[in-house]
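This report describes one protein chain, starting from a single residue and then widening to the whole. The sequence and structure come next.

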Amino acid sequence: MEDFEEFDSEISRYLKDFSTEGKEQVYLLRAPLLCKDKYEMSTKHFIIAIPGRKIILGAVEEESKSFRDYCDDVIDDLSMLSKTYSYENVIGRPRLWENTM
């Protein structure tokens, strides 16, 4: 956990500098906002979202099975949120974009 806290602090500083220099909003998330209760906060996975850019899913450590599960959960959650808030016509159906991650 200590390594993740150090990484979290480092990436937060980097993203803050990036945001300030580029005058862009940058979001560092552990999970999709409305679905965060489903995830363990001790997870070593994260999401970086910058409006108008592709979403970045990342992991602090190389745990391919754990990370793949996390990605699948995020895809499911984004799909549910897109249906709930009528964004499906904007981002498309998950089967069209999930393999690009």
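## Lys-23

Lys-23 sits in the loop between α1 (2-22) and β1 (27-29). Helices (H or I, at least four residues) and strands (E, at least two) are DSSP runs, numbered from the N terminus. The model is predicted: local features need pLDDT of at least 70, side-chain atom pairs count only at pLDDT 80 or more, and totals for chains, interfaces and linings use all residues. Residues are numbered from 1 along each chain as its sequence is written, and side-chain values use heavy atoms, with hydrogens and water left out.

The phi of Lys-23 is near 50°, a positive value in a residue other than glycine. Most residues other than glycine have a negative phi. Lys-23 counts as exposed because its relative accessibility is 75%. Buried means under 20% relative accessible area, exposed over 50%, and partly exposed in between (1.4 Å probe, protein chains only).

## Glu-88

Glu-88 belongs to helix α3 (residues 88-91). With 23% relative accessibility, Glu-88 counts as partly exposed.

Leaving aside residues up to four places away in sequence, Glu-88 touches Ser-82, Lys-83 and Arg-93; contact means heavy atoms within 4.5 Å. From Glu-88 to Leu-78 the C-alpha to C-alpha distance is 9.6 Å, and the two are 10 residues apart in sequence.

## The whole chain

The protein chain has four helices and three strands, in the order α-β-β-β-α-α-α along the sequence. Of its 101 residues, 32% are buried.

Among contacts between residues at least 6 apart in sequence, 40% join residues at least 24 apart.
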